[in-house]
Amino acid sequence: MRAIQMVTPQAEPELREIDKPTPGPGQVLLKVTAAGACHSDDFVMSMPADAFPYPLPMTLGHEGAGVVEELGPGVDTIDVGTSVVVYGPWGCGVCWFCSQGLENYCSRAQDLGIFPPGLGTAGAMAEYMIVDDPRHLVPIGDLDPVETVSLTDAGLTPYHAIKASLPKLHGGATAVVIGAGGLGHVAIQMLAHLTSARIIALDVTEEKLAFAKEVGAHEAVLSNDDAVANVRKITGTGGAAAVFDFVGYQPTIDIAMGVVGTLGDVSIVGLGDGKAAARVGYWAQPHEVSVRAPYWGSRSELIEVLDLARDGVLDVAVERFSLDDGTEAYRRLAANELRGRAVVVP
């Protein structure tokens with residue numbers, strides 16, 4: 001079968017011919033119907049060889065959708081032919097966090113060598129993929145897998161971040177979204193549906209700001225040296241009740257800390273360059289600001305996100321690529337040339 005694999009650190013991925021996998025005990029084989037490309041992939045591919053944590057070659061793609069093709073021995077909780085998406089942050093299934101459905105925070109995954117698909121384990125950028133356990137599959141019914149697959153990360157991750165701040169996003173409050181790209185444009189839609197807060201979006205081009213207003217932002221501000229002052233002109237001295245940074249570079253984190261208000265939340269979601277950090281201290285920000293770095297979300301939250309999609313709340317901007325053109329999807333992702341999410345359709 002064909003698969004898009006990372007072969008060498010800091011090099012472009014390659015479309016390669018590899019063996020079709022066979023499901024072992026407890027596993028499920030999916031015929032892939034869609035796979036999303038994410039900035040996390042670009043971050044991983046940019047890591048230097050001496051710091052690279054995964055075995056190579058590695059099939060990319062931690063956002064996956066497919067149809068159940070074959071069941072491994074002992075699997076009887078899902079049927080062949082079921083259309084599903086893959087819950088990506090795999091855990092041990094038995095620790096305290098996993099027992100809450102928070103496999104994204106599994107306390108034993110690293111020790112047990114458990115990695116997400118496309119981030120240490122063979123992912124969805126292929127004609128077929130192995131899923132380690134049927135509990136990591138969520139049936140999607142008649143939802144379009146191409147329109148839905150990105151919700152496994154680009155929907156789940158912002159939803160998890162937003163849920164923690166919902167009590168603060170009441171009428172009269174302000175939410176700031178930094179980065180209106182793949183995750184940010186979904187977050188804006190969620191905030192518009194789930195809260196009565198005013199939404200301010202920040203990005204680096206007028207085109208991205210216009211896009212942010214199309215999907216529900218009330219105000220749009222250029223992310224530049226004047227961003228803090230310009231956001232503060234809108235919020236007044238109160239600042240923002242919640243700030244969601246989907247970029248994660250030092251300048252955007254500094255903006256987030258500069259616009260948050262007393263008792264506000266700052267969620268740093270974007271990976272950035274892996275080096276940026278928020279400056280926190282008694283004199284560094286307003287009183288009782290909470291700073292979080294959330295990671296993905298729970299399986300139950302993914303089900304809730306899919307329910308929002310069924311209700312017509314979410315409209316993910318998708319650009320489709322064939323598997324043959326999948327490496328071009330990653331090139332455009334790295335060049336920041338995508339309006340929303342790149343989805344590869346085998």
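Guide: Welcome! In this predicted model, helix α5 (residues 156–165) packs with helix α6 (residues 184–194) at an angle of about 40°, their axes lying 9 Å apart.

Visitor: Why is α5 called oblique to α6?

Guide: Angles under 35 degrees count as roughly parallel, and roughly perpendicular starts at 65. The angle here is about 40°, so α5 is oblique to α6. Their crossing is right-handed.

Visitor: What makes the contact of α5 with α6 nonpolar, polar or charged by class?

Guide: On the α5 side we find Pro158, Tyr159 and Ile162, and α6 brings Ala187, Met190, Leu191 and Leu194. By class that gives seven nonpolar residues, with no polar and no charged ones.

Visitor: And why is α5 described as roughly perpendicular to α10?

Guide: The axes of α5 and helix α10 (residues 299–310) cross at roughly 105° and come within 10 Å. The class roughly perpendicular spans 65 to 115 degrees, so the term applies to α5 and α10.

Visitor: Which residues meet there?

Guide: Leu156, Tyr159, His160 and Lys163 of α5 meet Glu301, Leu302, Glu304, Val305 and Leu308 of α10. This contact divides into five nonpolar, one polar and three charged residues.

Visitor: How do you know that the buried residues of helix α8 (residues 227–235) are on the same side?

Guide: Ala227, Val231 and Thr235 are buried, each with under 20% relative accessible area. They cover an arc of only 60° around the axis, which puts them on the same side of α8. Those buried residues pack against β9, β10, β11, β12 and α9.

Technical notes. Residues are numbered from 1 along each chain as its sequence is written. This is a predicted model: local features need pLDDT of at least 70, side-chain atom pairs count only at pLDDT 80 or more; totals for chains, interfaces and linings use all residues. Side-chain values use heavy atoms; hydrogens and water are left out. Axes are lines fitted to C-alpha atoms, for helices over the stretch in contact, and angles run from 0 to 180 degrees between N-to-C directions. Helices (H or I, at least four residues) and strands (E, at least two) are DSSP runs, numbered from the N terminus. Angles under 35 degrees count as roughly parallel, over 145 as roughly antiparallel, 65 to 115 as roughly perpendicular and the rest as oblique. A crossing is left-handed if the near helix is turned anticlockwise from the far one by less than a right angle, and right-handed if clockwise. Contact means heavy atoms within 4.5 Å. Ala, Val, Leu, Ile, Met, Phe, Trp, Tyr, Cys and Pro count as nonpolar, Asp, Glu, Lys and Arg as charged, and the others, Gly among them, as polar. Buried means under 20% relative accessible area, exposed over 50%, partly exposed in between (1.4 Å probe, protein chains only). The arc is that of the directions from the helix axis to the C-beta atoms.
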